[in-house]
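Here is a quick look at one structure, taken a piece at a time. Have the sequence and the model open as you read.

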Amino acid sequence: MDSSTGVVDGADTARGSVLIVDCGDSGVVAKAVGMDAERAWQTVHGLADAFDAVRLAGVHGIVPTYDSLLVEFDCADTDHDTVRRVLRHEADRLGEGPVTPPAARCFVVPVVYGGEFGPDLPVVAEQLGLSEREVVELHSAADLTVRCLGAPAGAPMMDGPAFPRPVPRLSSPRTRVLPGSVAVAGRQAVICPMPSPGGWPLLGRTPLRVLEDLDADPLTAYRPGDTFRFVPITPERWDDHAGRSLAVSHG
């Protein structure tokens, strides 16, 4: 991993280690190495929560992903050494025992697949050697876990469905994807929370509001570790759900 200063700290965990590296003039990256994917994900998100709880002055961004964590800070208020020291301390504490993620919540998401709502469904079906119905069945067969929040505006980046192979991205990205669009690429799945460009194939769209308020804290109703359950609906049922908010399933 590149570092602007060449400073790298290693912190052993129960299995594997956490490498902490300076990133530019106002960032530090912590990366889980030597772990399986699930353990690495749990480690960086546990570290993100622990670091956030410290409330270190000058820190304005904590961004955990699949196996790494970016900490952004104002170098007028703190410095690389301080951030690295706190990250190393928290990584050491995590290494003393198993990482326990927060209890997962499930969000049920109605989706109209295909047609104007999912214009790439036929292409994806052909690429996978499946029928459109089989693609929809696989996409809605199992709850998909949110692994991190991405662009734009906290989009839920999820494990993908059990497709037989990865799904290629579009050769020519769209300049505008409608909010609520349900997309896949590679072995990942996502819902677009707001209008934005996008190069992921669109399978369908949900009438629910994924994003309520850009000024909300937290920004999204869901968090990493939560799951989404996609439920196919007909276009005639769109208005039954239109404008409703995402809600946690209690059944």
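Is Glu90 buried or exposed? Glu90 is buried, with a relative accessible area of 6% (buried means under 20% relative accessible area, exposed over 50%, partly exposed in between, with a 1.4 Å probe and protein chains only).

## Ground rules

This is a predicted model, where local features need pLDDT of at least 70, side-chain atom pairs count only at pLDDT 80 or more, and totals for chains, interfaces and linings use all residues. Residues are numbered from 1 along each chain as its sequence is written, and side-chain values use heavy atoms, with hydrogens and water left out.

## Salt bridges

Side chains of opposite charge can pair when their charged atoms come close. Searching the whole structure turns up 13 salt bridges (a side-chain nitrogen of Lys or Arg within 4 Å of a carboxyl oxygen of Asp or Glu). Glu90 has one of them, with Arg93 as its partner and 2.6 Å between the closest N and O atoms. Both residues sit in helix 2 (residues 80-94), 3 residues apart, or about one turn of the helix; helices (H or I, at least four residues) and strands (E, at least two) are DSSP runs, numbered from the N terminus. While Glu90 is buried, Arg93 is partly exposed at 44% relative accessible area. There's also a network of salt bridges, which links Asp22, Asp81 and Arg84.

## Pairs that reach across the chain

Arg105 and Asp226 meet through their side chains in a salt bridge, 2.6 Å from N to O. Arg105 is in the loop between helix 2 and strand 6 (106-113), and Asp226 is in the loop between strand 13 (202-205) and strand 14 (227-232), so this pair ties together parts that are 121 residues apart in sequence. Arg105 counts as partly exposed at 24% relative accessibility, whereas Asp226 is buried at 0%.

Another salt bridge joins Arg229 and Asp143, whose closest N and O atoms are 2.8 Å apart. Here too the pair links distant parts of the chain: Arg229 belongs to strand 14, and Asp143 to the loop between helix 4 (132-139) and strand 7 (144-150), 86 residues apart. Arg229 is partly exposed at 29% relative accessibility, and Asp143 is partly exposed at 34%.

How many residues of strand 10 (residues 181-185) are buried? The count is 5 of 5. Ser181, Ala183 and Ala185 cover one side and Val182 and Val184 the other, with all of these residues buried.

Strand 10 runs antiparallel to strand 13, with 3 bridges joining them (two strands pair if DSSP finds at least two bridges between them). In that pairing, Ser181 stands opposite Arg205. Strand 10 also pairs with strand 11 (residues 188-191), again antiparallel, over 4 bridges, and there Ala185 faces Gln188. The hairpin of strands 10 and 11 has 2 residues between the strands, and Gly186 takes a positive phi near 60°.

## The cavity

A whole-structure search finds 1 cavity of 30 Å³ or more, and the largest cavity has a volume of about 40 Å³. On a 1 Å grid over the protein atoms alone, a cavity is a set of points where a 1.4 Å probe fits but cannot get out, and lining residues have an atom within 4 Å of a point. Grid points are joined across faces, edges and corners, and the volume is the space filled by probe spheres set on the points.

Its lining includes Val184, Gly186 and Gln188, along with Phe163 and Arg165. By class, the lining has 3 nonpolar, 3 polar and 2 charged residues (Ala, Val, Leu, Ile, Met, Phe, Trp, Tyr, Cys and Pro count as nonpolar, Asp, Glu, Lys and Arg as charged, and the others, Gly among them, as polar).

Terms used. 1 Å grid on protein atoms, 1.4 Å probe; cavity = no way out; pocket = protein on both sides within 12 Å on 5 of 7 lines; lining within 4 Å.
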